[in-house]
Amino acid sequence: IRSGVLKSALPENASDDQIKQWREENGIPESPDKYDVGLPDGLAINEHDKSLVDGFLKSAHGANMAPDQVKQTMAWYFTEQQRQIDARAEADAQYKRAGEDDLRQEWGGEFRQNINLIGGMLDSAPVGVKDNLLNARLADGSLLGDNPHVLRYLTGVARELNPMGTVVPGAGVNSVSAIESEISALEKRMGTDRAAYF
């Protein structure tokens, strides 16, 4: 008792004055915003998390949590949150690499052209559509914009909307003559080698 290690319990149905006095004796701040939530280096509370932290501090204060308990809980939460963010970024990178490897094998030298076709098509959409679409997450948590099946589909749509984008003219040849040349070659093949054409 003399050392102050033994603390008195808060009486049941305590009055506001009793609660205030008990909190002072036990080092609990007078209001939720007085808690010191000092986080480990590199971690900070952003605007998105502020309402969550304020809600937690209000609940912690109502439960008379000690300052060191609050500080430890906050440190664990933000450390774990950062760990999950880092893990997701690594998973995203692995998924993107695997998808690109799959499409590079399938598309060969047309890989970059197809990706550019998708980008060009989505650039024509209203502001925000491209970013929202490509950064949307599927049910498994992966990014829609890195899904090979989605990219195949978008490439097909882009080619239908802009057939000129699929013809790569030679040096000094404009796209109209390149298309005419492509049509001539196809018509010739259709007339001379139907099996190959089909």
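This is a predicted model: local features need pLDDT of at least 70, side-chain atom pairs count only at pLDDT 80 or more; totals for chains, interfaces and linings use all residues.
1. Overall fold. The protein contains eight helices and zero strands. Followed along the sequence, its pattern reads α-α-α-α-α-α-α-α.

2. Burial and surface. Of the 198 residues in the protein, 24% are buried. The protein exposes about 14,000 Å², and carbon and sulfur atoms supply 53% of this area.

3. Contacts along the chain. Consider the contacts between residues at least 6 apart in sequence: 57% of them join residues at least 24 apart.

4. Asn-13 is not a glycine, yet it has a positive phi of about 55°. Asn-13 is found in the segment before helix H1 (16-25), and it is exposed, with a relative accessible area of 80%. Asn-64 likewise is not a glycine and has a positive phi, of about 60°. Asn-64 sits in the loop between helix H2 (47-62) and helix H3 (67-107). Is Asn-64 buried or exposed? Its relative accessible area is 17%, so Asn-64 is buried, the cut-off for that class being under 20%.

5. Salt bridges in general. Side chains of opposite charge can pair when their charged atoms come close. The count of salt bridges in this model comes to eleven. Three of them are described below.

6. Asp-36 and Lys-71. In this salt bridge the closest N and O atoms are 3.4 Å apart. Asp-36 belongs to the loop between H1 and H2 and Lys-71 to helix H3, so the pair ties together parts that are 35 residues apart in sequence. Both residues are partly exposed: Asp-36 has a relative accessibility of 47%, and Lys-71 has one of 35%.

7. Arg-137 and Asp-92. These side chains form a salt bridge with an N to O distance of 2.8 Å. Arg-137 lies in the loop between helix H5 (129-134) and helix H6 (148-161), while Asp-92 lies in helix H3; the pair therefore ties together parts that are 45 residues apart in sequence. Arg-137 is partly exposed at 34% relative accessible area, whereas Asp-92 is buried at 15%.

8. Lys-96 and Asp-146. The N to O distance in this salt bridge is 3.5 Å. Because Lys-96 is in helix H3 and Asp-146 is in the loop between H5 and H6, the pair ties together parts that are 50 residues apart in sequence. Lys-96 is partly exposed, with a relative accessible area of 39%, but Asp-146 is buried, with 12%. Through salt bridges that share partners, Lys-96, Glu-100 and Asp-146 are joined into one network.

Key:
Residues are numbered from 1 along each chain as its sequence is written. Side-chain values use heavy atoms; hydrogens and water are left out. Helices (H or I, at least four residues) and strands (E, at least two) are DSSP runs, numbered from the N terminus. Buried means under 20% relative accessible area, exposed over 50%, partly exposed in between (1.4 Å probe, protein chains only). Contact means heavy atoms within 4.5 Å. Accessible areas come from the Shrake-Rupley method with a 1.4 Å probe; for residues, only the protein chains shown count as cover. A salt bridge is a side-chain nitrogen of Lys or Arg within 4 Å of a carboxyl oxygen of Asp or Glu.
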